[in-house]
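The following exercises concern side-chain interactions in a protein model. Please work through each task before reading its solution.

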Amino acid sequence: MYNILIVEDDASIARLLELELQHEGYKTLIAKDGEEAVEFYGNFKPDVILLDVMLPIRNGFEIAEIIRNYDKDVGIIMLTAKGELEDKVNGLKNADDYIVKPFEVEEVFARIESLLRRLGKTKNSIKAGDIELFPERMQVFIKGKELHLSLTEFNILKTLLLNKNIVVSKEKILEEVWGYEDENLNIVEVYVNYLRKKLGDYGKKIKTVRGVGYVIRED
């Protein structure tokens, strides 16, 4: 999961971005002014900063310059209601991209993902609805909130997500997760039930196909 610092003094815009980005699997933190932005930056260690230009105390251009002096690698996307060329030039001196308000959240997603790719970072996750799994980091998130699973539970979920919308036999799960074949498939049933309980209401997404195995479907 990547960290996105939202620096925006308009509470409604900040909250909208927070909810939408969390739904996409990002971890977010809101700073309502320039001082909070600098303070939160050090502790939160964002991968990308969404930085409004017109901020109280210190404007976004100043904050971008301060942060860029400390960190050449963090991604910075300026957000502003001003669309004049001069502002774009000023903003891009220390930023990577520039979005003019009003904007669609889909544009923000696209700009963030493009910037992460340029920075050599990719989401590299597999999803089914609100469930998102990061294989390399061995993390699972539901609506942006991390879910802690055992290694076996994680590997079962990964197997089902990699075969999303396809029925996976108990034999295949046993081979993929435990690495061997066995006539006793009860262990698969036991751990699938553990996984369902950990997923809470989302455990219902794992469907049993009687006599065959399990499937997790995209909503």
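The model is predicted, so local features need pLDDT of at least 70 and side-chain atom pairs count only at pLDDT 80 or more, while totals for chains, interfaces and linings use all residues. Residues are numbered from 1 along each chain as its sequence is written, and side-chain values use heavy atoms, with hydrogens and water left out.

**Exercise 1.** Determine how many salt bridges the structure holds, and characterise the one between Arg-68 and Asp-96.

Solution. Step 1: the criterion is a side-chain nitrogen of Lys or Arg within 4 Å of a carboxyl oxygen of Asp or Glu. Step 2: the structure holds 10 salt bridges by this criterion. Step 3: in the bridge between Arg-68 and Asp-96, the N to O distance is 3.1 Å. Step 4: Arg-68 belongs to helix H3 (residues 60-70), whereas Asp-96 sits in the loop between helix H4 (85-92) and strand E5 (97-100), so the bridge ties together parts that are 28 residues apart in sequence. Helices (H or I, at least four residues) and strands (E, at least two) are DSSP runs, numbered from the N terminus. Step 5: accessibility is classed as buried under 20% relative accessible area, exposed over 50% and partly exposed in between (1.4 Å probe, protein chains only). Arg-68 is buried at 10%, and Asp-96 is partly exposed at 29%.

**Exercise 2.** Describe the placement of two further salt bridges, Glu-107 with Arg-111 and Lys-170 with Glu-189.

Solution. Step 1: the closest N and O atoms of Glu-107 and Arg-111 are 2.9 Å apart. Both residues lie in helix H5 (residues 105-118), separated by 4 residues, about one turn of the helix. Glu-107 is partly exposed at 28%, as is Arg-111 at 25%. Step 2: for Lys-170 and Glu-189, the closest N and O atoms are 2.6 Å apart. This pair links distant parts of the chain, with Lys-170 in helix H7 (residues 170-178) and Glu-189 in helix H8 (residues 186-199), 19 residues apart. Lys-170 is buried at 17%, while Glu-189 is partly exposed at 30%. Step 3: elsewhere, salt bridges that share partners join Glu-8, Asp-52 and Lys-101 into one network.

**Exercise 3.** Which geometry do the aromatic pairs Phe-134 with Phe-141 and Trp-178 with Tyr-191 adopt?

Solution. Step 1: rings of Phe, Tyr and Trp (its six-membered ring) pair if their centres lie within 6.5 Å; planes under 30 degrees apart count as stacked, over 60 as edge-to-face and the rest as tilted. Step 2: the whole structure contains 3 aromatic pairs. Step 3: Phe-134 and Phe-141 are edge-to-face, at 5.8 Å centre to centre and 90 degrees between the planes. Phe-134 is buried at 2%, and Phe-141 is buried at 3%. Step 4: Trp-178 and Tyr-191 are edge-to-face, at 5.6 Å and 70 degrees. Trp-178 lies in helix H7 and Tyr-191 in helix H8, so this pair ties together parts that are 13 residues apart in sequence. Step 5: Trp-178, Tyr-191 and Tyr-194 form one aromatic cluster.
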